[in-house]
Amino acid sequence: MSGMRGGGHPGRVSSGDAAAQKAQNAEAPRIPDLLKRIGDLFAPYRSQLTVTIVLVLVSAALSVAPPLLTKQAFDLGLFPTGGPNMPVLLELVGIMVLIWIASSALGVWQTWLTATVGNKVMGSLRVRLFEHLQAMELAFFTRTKTGIIQSRLQNDVGGVAGVLSNTISSVIGNTVTVIAAFVSMLILSWQLTIVAVILLPVLVLAQRKVGQVRARIATKTQESLSDMTAITQETLSVSGILLAKSFNQQKSETDRYALENDNQIGLQVRQAMSGQWFFAMVGIFLSVIPAVVYLVAAWLILRDVPVTAGTIVAFTTVQARLTFPLLGLMRVALDLQTSSALFSRIFEYLDLKPAIKDAPDAKEVDPAKLGLVEFDDVVFRYPDAASDTRATLDGVSFRIEPGQFAAFVGPSGAGKTTVSYLIPRLHDASSGSVRFAGDDVRALSELSLVKNIGIVSQETYLFHASIGDNLRYAKPDATDDELVRAAKAANIHATIESFPDGYSTLVGERGYRLSGGEKQRIAIARVLLKDPAVLILDEATSALDSISERVVQDALDTASRGRTTIAIAHRLSTIVDADVIYVVVAGQIAESGTHAELLAARGTYWELYFDQNA
Ligand SMILES: Nc1ncnc2c1ncn2[C@@H]1O[C@H](COP(=O)(O)OP(=O)(O)OP(=O)(O)O)[C@@H](O)[C@H]1O
């Protein structure tokens with residue numbers, strides 16, 4: 001069985017995130033392209049967005065009124081010649097209150113809309129990424145650490161969630177408020193407006209720089225987060241903790257985690273702090289403006305430019321109200337720049353092309369020839385293998401007839417498991433042809449091909465769920481009777497019945513609550529429920545003692561009846577009755593024939609058999 005864990009130990013080898021490394025070498029995506037792709041994500045929510053825009057525009061229009069009303073309240077209500085005019089003042093105050101109530105209500109509605117759209121966009125992005133990863137070939141998973149993949153789904157998609165829901169309302173809302181405030185200011189006094197906005201372009205330029213720095217820190221933060229997830233996933237899994245405990249490595253694992261955690265803390269602090277000075281500067285600048293406005297107003301009045309007290313109060317009110325939206329816009333721009341780093345990490349995974357996928361004209365398996373499996377001069381080299389090394393499979397040809405029991409034997413690392421991977425198209429042959437029911441597997445639809453193949457591997461994988469649920473993975477609509485029939489055929493029914501919870505017993509993470517033989521028989525029952533035409537057994541009994549082996553072997557004999565069976569075996573005693581035995585040596589089929597024929601030939605098989613029975 002070839003090793004399925006990719007990447008290795010993060011502390012000792014470079015990160016398994018092949019895509020991230022590629023991205024570091026490649027040029028960063030251009031911001032406009034990125035914005036277009038982010039925009040496309042929102043396309044299905046056009047109607048909600050239109051309503052949001054209308055709401056924002058109405059709120060903005062409403063927000064223009066209060067400052068103008070303030071001016072009226074001062075000039076006509078509070079300080080008209082001859083003393084305050086109460087009826088006018090009451091009317092103006094009443095209108096102002098109504099406007100505030102209306103715009104607050106609209107604000108709540110708008111927040112609900114944007115939160116819904118933002119979260120839905122993020123949710124569908126997550127599912128798209130998950131679906132895309134499901135389509136990736138096995139080789140992608142053997143070379144990338146699981147934790148690194150998980151991190152893209154959780155940390156990166158989660159990281160843009162806030163941006164997605166805040167951005168829409170913030171950009172539209174604040175832009176409109178800023179424009180509206182600017183218009184009100186212009187109406188009130190163009191001279192004072194110039195004073196208020198003269199330094200803004202400088203701030204915008206400074207903000208772009210800050211954004212670039214933050215995007216760089218964000219990329220590093222996400223990489224560090226994904227390394228941390230990978231450590232957690234590798235170490236805090238059942239296999240990981242068993243390894244750490246049995247080698248007394250808990251301390252070193254904790255140290256490794258703590259080290260990466262320190263890195264993460266540093267990056268988080270840098271990310272939080274980058275831009276703080278900038279915002280402090282903007283804050284000071286915006287707060288100083290009213291004072292400058294008073295000075296400039298006095299200067300204007302001295303030069304006989306008509307500026308009333310109402311104008312100054314209204315102007316400074318508007319200007320103060322401009323502060324938050326302006327800061328908000330700057331923050332959004334900054335967040336967008338920061339999250340562009342996260343988005344490009346997400347899109348980078350979405351852009352990965354599955355190496356194995358259905359041909360456009362993929363066809364169904366031919367039921368007439370079901371069970372026929374052929375290899376025709378198949379050469380296969382693992383994608384990661386150095387090109388100067390010998391191919392893992394080097395010109396393998398055989399033909400297994402429907403219903404035959406074929407066994408593959410040979411030394412470790414000879415390529416037996418690799419043969420079994422090529423049949424369900426977990427890898428594609430580098431040259432030559434793998435045929436299933438008479439058709440090249442590359443011409444068949446994956447769904448139809450895999451439906452007809454059952455695999456029981458040496459390393460049984462069970463989900464952390466009940467035994468019943470694990471069995472139903474093969475056939476979700478299986479009845480209880482069918483479960484029992486499959487379990488009986490796999491020699492595991494009585495054992496399951498002896499558990500207090502029977503078929504509802506939880507198997508524990510990866511089935512660790514069960515013994516090796518129990519897990520194996522559950523896996524056999526699972527494949528029996530699937531009832532495939534071709535059954536692949538990869539050293540299904542190698543991990544067992546001789547009694548368990550006999551029980552599992554009986555189960556396998558039942559399972560293989562009436563279907564093509566391809567059994568990979570180390571213990572030759574389990575396959576002596578095979579219709580045909582292929583002896584694989586260094587990626588080639590060295591011998592083939594029945595047990596008796598191969599013994600008579602006195603070749604490699606005879607040597608292997610002699611070794612095991614000496
Ligand atoms: N993902 C991979 N990338 C590169 N090389 C691989 C990969 N998986 C397996 N190999 C190599 O391919 C060769 C054949 O492996 P395979 O698992 O098919 O052997 P096997 O005959 O089933 O061995 P065993 O009996 O020990 O299970 C081995 O040399 C192995 O190191």
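Visitor: Which strands does helix α21 lie across, and at what angle to β9?
Guide: In this predicted model, helix α21 (residues 604–612) lies across β3 (405–409), β9 and β10, and runs at about 95° to β9. Helices (H or I, at least four residues) and strands (E, at least two) are DSSP runs numbered from the N terminus, while axes are lines fitted to C-alpha atoms, for helices over the stretch in contact, with angles from 0 to 180 degrees between N-to-C directions. Contact requires C-beta atoms, placed from the backbone, within 7 Å.

Visitor: What's the strand order in the sheet?
Guide: The sheet is open, has six strands with mixed pairing, and is ordered β6-β7-β8-β3-β9-β10; two strands pair if DSSP finds at least two bridges between them. Because β6 (453–456) and β10 (588–593) each have a single partner strand, one side of each is left without a neighbour in the sheet. From one strand to the next, the twist averages 20°.

Visitor: And which helix packs against β6 and β7?
Guide: That is α18 (residues 516–530), which touches β6 and β7 (534–538) and has a direction at about 180° to that of β6.

Visitor: How many bridges join β9 and β10?
Guide: Strand β9 (residues 580–585) pairs with β10 over five bridges in the antiparallel sense, and Val-584 stands opposite Ile-589 in β10.

Visitor: Switching topic, how helical is 89–112?
Guide: Residues 89–112 are 100% helix and 0% strand, with end C-alpha atoms 35 Å apart.

Visitor: How are residues numbered, and what pLDDT do local features need?
Guide: Numbering starts from 1 along each chain as its sequence is written. Local features need pLDDT of at least 70 and side-chain atom pairs count only at 80 or more, whereas totals for chains, interfaces and linings use all residues.

Definitions and conventions
Two residues are in contact if their C-beta atoms, placed from the backbone, lie within 7 Å.
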